[in-house]
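User: I would like to learn how to read the features of a model in careful steps, beginning with the chain as a whole and then turning to its helices.

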Amino acid sequence: MDKESVRRFCEKYSIPLISKETEDFLIQQIYLYKPASLAEIGSAIWYSTTIIANTVSSYNKYGRVDSREISYPHYWQALLTIEKYASNTTIYLGNVCHIAREKYTTQHYDMVFIDGRKSETLLYLKKLRHHIHENTLIIVDDVIKFKNKMTDRYEFLDKYDIKYQIHQLENDDGIITLAVTQPLIQALSSL
């Protein structure tokens, strides 16, 4: 199934899907930063995962992508998609907020893309603190449209004076990029 067919399918069945603008931004950032390991939280039918994995494998045949989703039906659909289109990917079923991190992975990530439940964004960051390092780039989707669901995350970043950049990619929405620094790691450890 081609990308446009997947978009139409998702629209027809109200399945969340990254916007074309977010897709283009992700591809650009991956080529710019060239992460060897990338984590994704919240992927629905794994459209974004295949985009990410194919971009990573275009410059690094050993690059790895770990993706997580909480929807059981989407997980099973993803098993077929990933096997066919993104062999450099491991997919996990479950909410990263409620499962011990060791069950997912023990590796560090060079880039993280968060598109899961917006109200759990700060919890995702807290859980990921053992898997990120200085210079990891964190990208969070839908930060303008759903800002009211992420107030704790904004308050946390502002309280600890953590620098972030909002990129408005659409009329009503966009993403945040957040470069991991030692102050961010320390602040996450205090939670």
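User: What does the accessible surface of the chain come to, and what share of that surface belongs to carbon and sulfur atoms?

Analyst: Accessible areas come from the Shrake-Rupley method with a 1.4 Å probe, and for residues only the protein chains shown count as cover. Here the accessible surface of the chain comes to about 9,600 Å², and 52% of that area belongs to carbon and sulfur atoms. This is a predicted model, in which local features need pLDDT of at least 70 and side-chain atom pairs count only at pLDDT 80 or more, while totals for chains, interfaces and linings use all residues. Residues are numbered from 1 along each chain as its sequence is written, and side-chain values use heavy atoms, with hydrogens and water left out.

User: At what angle do helix α6 and helix α7 pack?

Analyst: Axes are lines fitted to C-alpha atoms, for helices over the stretch in contact, and angles run from 0 to 180 degrees between N-to-C directions. Helix α6 (residues 121–128) and helix α7 (residues 151–159) pack at about 55°, with their axes 7 Å apart. The two are therefore oblique to each other, since angles under 35 degrees count as roughly parallel, over 145 as roughly antiparallel, 65 to 115 as roughly perpendicular and the rest as oblique. T121, L122 and L125 of α6 meet D152, R153 and F156 of α7 in this contact, where contact means heavy atoms within 4.5 Å.

User: Is T121 buried or exposed?

Analyst: Buried means under 20% relative accessible area, exposed over 50%, and partly exposed in between (1.4 Å probe, protein chains only). T121, which lies in helix α6, has 0% relative accessibility and therefore counts as buried. Leaving aside residues up to four places away in sequence, T121 touches V140, M150 and R153.

User: Which residues of helix α1 are buried?

Analyst: In helix α1 (residues 3–12), the buried residues are S5, V6, R7 and C10, and their cover includes α2 (20–33) and α3 (47–59).

Definitions and conventions
Helices (H or I, at least four residues) and strands (E, at least two) are DSSP runs, numbered from the N terminus.
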